[in-house]
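Student: Could we go through this structure by question and answer, starting with pairs of charged side chains and then turning to packed helices?

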Amino acid sequence: MTIPSGRPRQIIVVEDDGLIAMHLEETLESRGFEVPELFASGEEVIAYLGHMPPPDLILMDIRLDGKMNGLEAAQWIRERFTLPIIFISGNVDKELIPPFGTLRNSLTKPFSREDLFAIIDEALLQYS
Amino acid sequence: MKKGSITGNSRELRKKAEAFLGRDSTGTEDQASIDAKTLLHELSVHQVELELQNQELMEARDAAERMQVKYFALYDLAPIGYAGFTIQGQVADINLAGAEMVGEPRNRIVNSRFQLFIAQRDIPVFNDFLLRVFRNGIKTKCEVQLERDGQPLSIVRIEGVLAEQKPEKNLACRAAIIDITEQRNAERDIIHRNEELTALNRKLEEAGVDLRSKQDTLTQSLAETEALLDEVNHRVKNNLSAFISLLSLKGSHEDTPEGQRLKTDLINRAQSMALIHETLYRTKKFSSVDMKVYLTTLVGQIAMSYGTEDSVQVKVDAGGVVLDIARATPCGLIINELVTNSFKYAFPATFDCMKVRGRPSTITVSLKEVDGICTLSVSDNGIGMPEEVDFRNAKSLGLSLVKFLAKHQLRAETEIHDKDGTGFSFRFVNPRVSSE
């Protein structure tokens with residue numbers, strides 16, 4: 001997906017399972033999104049955002065490598081940036097996700113390409 | 001000196017007196033003179049006798065005084081109390097140590113009843129003691145609490161015997177009074193501490209019972225969890241096995257050489273994941289994978305799938321390394337891709353390994369751990385990677401997987417070498433795997 005200026009939308013993936021992260025990267029790139037980085041921990045994405053411009057959207061797993069979980073990392077990001085964060089989680093984790101306005105902000109694994117693109121489009125539209 | 005003794009010694013005294021005067025009483029003077037002289041002599045002798053008698057009396061007095069001092073030292077200054085009691089408990093005498101225990105001047109104690117200084121509850125004990133002394137006449141003892149104005153003083157042990165009092169010649173109880181307050185306090189302290197220890201011991205026993213109960217619950221819970229994990233590993237392995245069977249079904253892939261290769265690659269990838277759970281199930285572990293068991297089976301299965309067991313030697317060395325599932329799975333997938341590549345491309349028919357390398361075709365997989373740092377090496381002594389293949393910018397799924405898993409899953413430093421074949425090594429941290 002591209003915005004009118006032609007710059008591809010950037011999506012960062014924070015997911016500790018390498019195969020799922022790789023699959024997400026491939027899926028997002030097939031739709032025209034740019035995936036500048038994949039991270040497995042909250043600490044890594046926070047360090048990245050400390051010196052790089054924020055992406056248009058973040059896909060965030062709840063259970064991550066490192067000491068932070070996805071919810072803690074998302075809270076840190078929301079306190080500093082205005083951008084949509086979509087949680088990707090297992091069934092058990094979903095109960096933990098706090099609602100964020102009227103925005104649909106979580107996907108339960110396993111999800112289809114269509115579900116993924118729908119929720120991303122919805123979020124990008126609301127934040128555009 | 002006794003009076004009788006003086007009379008009995010009168011002759012002796014006379015001899016001494018006459019010797020002192022230097023005269024014999026048997027002279028021959030005229031009668032009047034003799035009588036006067038005799039009288040004078042007698043008087044002089046008597047005077048000397050009296051003087052000698054006085055001297056002896058003074059000596060006796062001195063001896064009596066010395067005895068009195070000794071008596072004072074022995075009786076009054078004795079470190080324990082001494083006293084004499086009548087059968088009613090009246091104090092005939094008491095020494096200083098005894099008076100000090102009673103806490104009254106001696107003159108107020110003597111002739112008083114000793115029961116006045118004993119705690120009310122112990123008076124029958126003391127009365128019974130006196131009764132036994134006077135009735136049985138043998139050494140008897142009792143213990144009583146002394147008190148003054150209702151305030152407790154010392155606890156004493158009284159040991160008494162029946163003795164004749166002189167000069168009155170009446171019978172009295174001669175008693176020693178020994179202060180045993182410290183001893184009794186120490187005993188009470190020991191009893192008190194013993195009671196405290198008993199109470200503490202009871203609490204500990206109760207806590208022990210509670211702990212054992214909780215331990216039983218935990219053990220039961222752990223057993224249930226282990227059984228569940230065991231079941232999960234078994235089911236995951238079975239599901240992956242079913243998926244592998246599905247891939248093997250006729251019609252599940254295109255019946256072309258390319259389709260066959262794709263099928264083999266997919267099956268091997270699924271197999272490498274299923275084997276993790278198979279290994280856990282087989283080694284009765286729940287999350288720590290014995291890499292020697294896992295890799296030996298994995299590499300053997302890959303070799304079999306390519307039917308090159310005889311032409312290519314495969315060596316696996318991973319003794320003693322144990323990884324958690326999060327690291328064992330990417331290791332297995334990486335090894336699967338690299339070993340598969342070696343089988344596919346390292347030893348083409350045109351490559352005579354014996355001739356070029358001087359050794360038979362060999363694929364080596366090694367996993368070693370030193371101080372928590374693991375080094376995974378996969379190498380072959382084949383023809384080497386084609387120049388157009390660049391691992392850093394790999395396009396093929398296999399090498400992309402290796403690169404991605406090494407970087408994002410293992411967080412490994414990757415090294416590639418192309419001397420005498422192709423070799424990859426990955427260095428990564430192995431966090432402590434909890435013992436199961």
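Tutor: A:D121 forms a salt bridge with A:R31, a term that here requires a side-chain nitrogen of Lys or Arg within 4 Å of a carboxyl oxygen of Asp or Glu. This is a predicted model, in which local features need pLDDT of at least 70 and side-chain atom pairs count only at pLDDT 80 or more, whereas totals for chains, interfaces and linings use all residues. Side-chain values use heavy atoms, leaving out hydrogens and water, residues are numbered from 1 along each chain as its sequence is written, and chains are lettered from A and ligands numbered from 1 in the order in which they are written.

Student: How many residues apart in sequence are the parts that A:D121 and A:R31 tie together?

Tutor: The closest N and O atoms of A:D121 and A:R31 are 3.1 Å apart. A:D121 lies in helix 5 (residues 113–127) of chain A and A:R31 in the loop between helix 1 and strand 2 (38–39) of chain A, so the pair ties together parts whose separation in sequence is 90 residues.

Student: How many salt bridges are there between chain B and chain A?

Tutor: Over all chains, a search of the whole structure finds 28 salt bridges. Between the two chains, A:E44 pairs with B:R411, their closest N and O atoms being 2.4 Å apart. The count between chain B and chain A is 2.

Student: Which residues of chain B lose the most area to chain A?

Tutor: The contact, meaning heavy atoms within 4.5 Å, takes 10 residues from chain B and 12 residues from chain A. About 840 Å² is buried between the chains, 61% of it on carbon and sulfur atoms, where buried area is the accessible area (1.4 Å probe) that two parts lose on being put together, summed over both. In chain B, 58% of what that side buries comes together from the residues losing the most area, namely B:F404, B:H408 and B:R411.

Student: How are helix 1 of chain A and helix 12 of chain B oriented to each other?

Tutor: The axes of helix 1 (residues 18–30) of chain A and helix 12 (residues 397–409) of chain B come within 9 Å and cross at roughly 120°, with axes fitted to C-alpha atoms over the stretch in contact and angles running from 0 to 180 degrees between N-to-C directions. Angles under 35 degrees count as roughly parallel, over 145 as roughly antiparallel, 65 to 115 as roughly perpendicular and the rest as oblique. Helix 1 of chain A and helix 12 of chain B are therefore oblique.

Student: Is helix 8 of chain B roughly parallel or roughly antiparallel to helix 9 of chain B?

Tutor: Helix 8 (residues 257–282) and helix 9 (residues 291–305) of chain B pack with their axes 10 Å apart, at an angle of about 150°. Helix 8 of chain B is therefore, relative to helix 9 of chain B, roughly antiparallel.

Conventions. Helices (H or I, at least four residues) and strands (E, at least two) are DSSP runs, numbered from the N terminus.
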